[in-house]
Amino acid sequence: MIKKFDKKDEESGSGSNPFQHLEKSAVLQEARIFNETPINPRRCLHILTKIIYLLNQGEHFGTMEATEAFFAMTRLFQSNDQTLRRMCYLTIKEMANISEDVIIVTSSLTKDMTGKEDVYRGPAIRALCRITDTTMLQAIERYMKQAIVDKVPSVSSSALVSSLHMVKMSYDVVKRWVNEAQEAASSDNIMVQYHALGLLYHLRKNDRLAVSKMLNKFTKSGLKSPFAYCMLIRIASKLLEETEAGHDSPLFDFIESCLRNKHEMVVYEAASAIVHMPNCTARELAPAVSVLQLFCSSPKAALRYAAVRTLNKVAMKHPSAVTACNLDLENLITDSNRSIATLAITTLLKTGSESSVDRLMKQISSFVSEISDEFKVVVVQAISALCQKYPRKHSVMMNFLSNMLRDDGGFEYKRAIVDCIISIIEENPESKETGLAHLCEFIEDCEHTVLATKILHLLGKEGPRTPSPSKYIRFIFNRVVLESEAVRAAAVSALAKFGAQNDDLLPSVLVLMQRCMMDSDDEVRDRATFYMNVLQQKQKALNAAYIFNGLSVSVPGLEKSLHQYTLEPTEKPFDMKSVPLANTPITEQKTEFAPVATSKLPEKPGPTRQDIYQEQLAAIPEFQGLGSLFKTSEAVQLTEAETEYVVRCVKHTFARHMVFQFDCTNTLNDQLLQKVMVQMEPSEAYEVLHYVPAANLPYSQPGSCYSLVRLPEDDPTAVSCTFSCTLKYLVKDCDPNTGEPDDDGYDDEYVLEDLEVTVADHIQKVLKPNFAAAWDEVGDDFEKEETFALASVRTLDEAVGNIISFLGMQPCERSDKVPENKNSHILFLAGVFRGGHDVLVRSRLALADGVTMQKYSLLKSESLVFPSLPKLSYIPVMEINTGASLLC
Amino acid sequence: STLEPSLYTVKAVFILDNDGNRLLSKYYDKELYPSMKEQKNFEKNVFNKTHKADTDEIAFVEGMTIVYKCSIDLFFYVVGSSQENELMLMAVLNCLFESLGQILRKNVERRCLLDNMDGVFLVVDEIIDGGVILESDPQQVIQKVNYRVRHLQSRTVSTVWMNTDSDMSTILEDTDDYRKL
């Protein structure tokens, strides 16, 4: 039957596939001839090949049928045909997880592993280890140890590699073979050397000293295998990184010496290792860069690719170090391998001068359609970086990006372009209208909901503030007519913003809104109805609160609070101020290197750091009734590094209280500390209510103690305070080995550094996307204005940085970026003071004669006391309160 | 972001025909494309990005470094992580290609490969074991596999059968090639 297939295929030409019409059931039927006597090796071999081929194609074998075929196959061990036996080993490995009772072949394999036929021994070991579990492993341990040191390289290699595979499952057994592995490492065979080194490292990697000794030995003795050298380089650079050893370490010397190895593989590995080391100076990089430069002109595409990819990485941090290679990179622009050409161009974009940008961009646009999406993203990222470096080039870039936006491409690519255009718009106000126009055109035909909603959001934010906002309405309303629910809802929100900001557009927007109220989707209808009603009130404050600047609370926090509210029925209305605020997103970090694996999983919002602390604090009875946690500070060190006791403090702010969490570590192995607490002496009218000590603090196990402090209510200007802190505890000496403590102990104390509470501890950052609207919303009843001279500040940038960190507020409207060559600047800050009071700051900074003057406006939604801004020099926090004044 | 020192260098290896169909495929990292569907999608994606540029030998697809080689109607691929030493991957690819070239007597084309599929499976098994490079010298691989080639199509008109299976030669009598002989 099968032969007829062969015949037919032969006739149909050389493109035929003898395995094409294989049927699993027919093949399994055929497998019955395994039981015939005498065994026909050729036919059996053909059937085994078919079975493996089917498994490889993804054919599913049921446990029953697989087991049956497996058992039939075991009979083939009676044949002495070499290839047939080898195919049996393969079948065993392929079926190890599908068939039952595969251990039935253990004795056959053990026999082959220890037999006389060397060609069987290696493969038999590998098949045997594949079906062995921890208990069975003990039974073959003796054979494994012998095999590792066997003089036949294939046997030794097979045993070493199989041992490595089994480390995960049976670490304790395999680690007993370390002496044998050590012996194998001095083998003359290069693969055995490599495999032995790999196994040894894997067994010792958690013991830094052992790894260090091993490195020392092998780097001195010199290995023959280039693979082993690559492995040594990786081990050495990892150890360098972990121990933070300087570049004068012998390990660094070893890596550098590998730059002169005769194998390109080793040279490249060494160069790559040096390039990836943190804190390399340009001088240390130079030898690595020169070998990469040489590789740029190699006839091997893989080597050119490797070299230019690595140079691209260097150019991220040290563009000047790569400038020497510019000529070589220029030659690669026309490389037939487009990946190489793209990397060369994007590297040149980083290292070249502004004048070369136009030429390079033209070059890249000639083949951008031919390269894969991954590299298109690299190009977009390079453009993004260029726009930051040469802001004047943004019109060239914008043009290029809009063309790319029209081309085909996947989501990641389109997202990169959209992000890049958005960042250009934000950095260069004069490019706003062109950019928005390109994005409008893009959403007319955009299959990606995420991008469409993102752009609609941006249009809503920026569009109303452009000279002719009406032209965006058409693009937005088209979305309401044509798109999916999510996009329609986003379009409705964008429309509302136009209506709220532009009085002359309001009537038209209301008409459109009316139409949206008949949408088939609940969310779209709800939004339209809501906005319709808000807009009809024509009140600036309502528009600001409900249209421009949405909720600033954390959504999981809101969910939790609402749930809590429904559990305890009360007459009181739900108070939004009881909900913890969202941590404002830290400005997105620009991704460093380009071709990175795109993560397949969508990001899940996990609990934030503050959520975790909230849970932990809620579990302590003394802290009941404090309300929700308002703000958690970064940890402050209260001890020097490497002292007997290490203490750091995290400040938790509540509406009327603060909790100080002291995370302590005892680094003395002959002491057990008990009843550990930090005694605090405040400089102001802060009152320490409770100390919650840590019961036990054994050696090297961190523990926490807490202090609860009431904030002064009668003097609300006292936002800052200094605490002198002393660690108090009971010491029990103990045996360093067993940790067994003595019965008696003695009280002792340890002086810590002072702890400061500052203005920033009372304020949580809140982002107001439309600052002007928020400012209008609160009105000027509580406005306060003052002027300060900032004596020690030299530049506007410095002043902006100091003000932000002192007040701990969120910069809005990107006002934290001071344009170049400007003598004045306005900084907008938003935040919430503990207790839920909005605080807005509009700060006008002016530079004159090296002295920074500043006008400072403070706005609050409710009567509340707030300190005036201190002199932003490096004065101690104590003085900050001197200028405080009361506001009502 | 230093690469974790490890012997697990190869993430996957596969051989496709000139329509992008899988002839042989091994994935050594269980977390990378765990299902058959994901694997085949990946192979299709890799094929689409490489089969036109058959003079190249390296590509970057779905965050993985791919080195490849094409011969007549076959494509050979070796896959490693984006941080992997490209030259190590090349060493594996070259060893695979040269070993098969020797086994198939330089006839590295689809039909001949399929006729000797058992030999191909054994060669791959000798070069990579669970993602570890087991051997990189084609001579050593040939020696260990010790495989005798079957049905060899010569590059000229005729088809020469090297095996002694009489059943097989009767089939041949019907073919045009054989008559010309």
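Modeller: Let us start with a definition: two elements are in contact when heavy atoms lie within 4.5 Å. The model before us is predicted.

Biologist: Which strands of chain B does helix H2 lie across?

Modeller: Helix H2(B), residues 86–103, lies across S1, S3, S4 and S5 of chain B. The helix runs at about 25 degrees to S4(B), which spans 64–71.

Biologist: How should I read a sheet, and in what order do the five strands of chain B stand?

Modeller: Strands of a sheet pair through backbone hydrogen bonds, either parallel or antiparallel. In chain B, five strands form an open sheet with the order S2-S1-S5-S4-S3, and their pairing is antiparallel.

Biologist: Which strands of chain B stand at the edges?

Modeller: S2 (22–27) and S3 (58–61) of chain B do; each has a single partner strand, so one side of each lacks a neighbour in the sheet. On average, neighbouring strands of this sheet are turned by 20 degrees against each other, direction ignored.

Biologist: How many bridges join S1 and S5 of chain B?

Modeller: Six bridges pair S1(B), residues 12–17, with S5(B), residues 74–81, in the antiparallel sense. Within S5(B), Phe76(B) is the bridge partner of Ile15(B).

Biologist: Turning to chain A, is Ser815(A) buried or exposed?

Modeller: A residue counts as buried under 20% relative accessible area. Ser815(A) is buried because its relative accessibility is 4%. Ser815(A) belongs to the loop between S14 (810–811) and S15 (824–833) of chain A.

Biologist: What does the side chain of Ser815(A) reach?

Modeller: The side chain reaches the backbone nitrogen of Phe828(A) at 2.9 Å. Beyond its neighbours within four places in sequence, Ser815(A) is in contact with His825(A), Ile826(A), Leu827(A) and Phe828(A).

How values were computed:
Residues numbered from 1 in each chain as written. Chains lettered and ligands numbered in written order. Predicted model: local features only at pLDDT ≥ 70, side-chain atom pairs only at ≥ 80, totals over all residues. Heavy atoms only, no water. Helix = DSSP H or I, 4+ residues; strand = E, 2+ residues; numbered from the N terminus. Buried < 20%, exposed > 50% of the residue type's maximum accessible area, 1.4 Å probe, protein only. Polar contact = N/O pair within 3.5 Å; in protein donor to acceptor, adjacent residues only side chain to side chain. Pairing = 2+ DSSP bridges. Axes fitted to C-alpha atoms, helices over the stretch in contact; angles between N-to-C directions.
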